[in-house]
Amino acid sequence: MIYILAVFIPPLGLFLNGQILSAVFNAAMIVPCLLLGLLFPLLWLVPSAHAVIAIYMAREDRKHRDIVDAIERHGPPPGWRP
């Protein structure tokens with residue numbers, strides 16, 4: 001659901017995902033992309049792409065931190081050899 005919001009309203013999607021600085025940067029990026037998008041229509045997609053990529057990277061980082069925390073708490077999986 002957050003990805004749909006990130007495609008249609010990128011700053012709000014980033015803000016609700018907890019990425020406040022990225023949301024501010026994205027909001028500032030929208031104005032030039034809309035104006036220059038009249039000449040190069042693909043620029044209209046840049047803020048949405050930025051939001052989707054930033055949300056994906058933040059979620060992957062959270063998953064990685066959860067796995068590392070679980071390994072630190074419970075030790076490596078059985079049969080693991082360095």
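Guide: Helices here are DSSP runs of H or I with at least four residues, numbered from the N terminus. The model is predicted; local features need pLDDT of at least 70 and side-chain atom pairs count only at pLDDT 80 or more, while totals for chains, interfaces and linings use all residues. Residues are numbered from 1 along each chain as its sequence is written, and side-chain values use heavy atoms, without hydrogens and water.

Visitor: How do you know that the span of helix α4 agrees with its number of residues?

Guide: The expected span is 1.5 Å times one less than the number of residues. For the 29 residues of α4 (residues 46–74) that gives 42 Å, and the end C-alpha atoms are 42 Å apart, so the two agree.

Visitor: What makes E60 and K63 a salt bridge?

Guide: A salt bridge needs a side-chain nitrogen of Lys or Arg within 4 Å of a carboxyl oxygen of Asp or Glu. The N to O distance between E60 and K63 is 3.1 Å, so the pair qualifies. Both residues lie in helix α4, three residues apart, about one turn of the helix.

Visitor: Why is E60 called partly exposed?

Guide: Buried means under 20% relative accessible area and exposed over 50%, with partly exposed in between (1.4 Å probe, protein chains only). E60 has 32%, so it is partly exposed. K63, at 47%, is also partly exposed.

Visitor: What makes D61 and R65 a salt bridge?

Guide: Their closest N and O atoms are 3.2 Å apart, so the pair meets the rule. D61 and R65 are four residues apart in helix α4, about one helical turn. By this rule the count is two salt bridges.

Technical notes
Helices (H or I, at least four residues) and strands (E, at least two) are DSSP runs, numbered from the N terminus.
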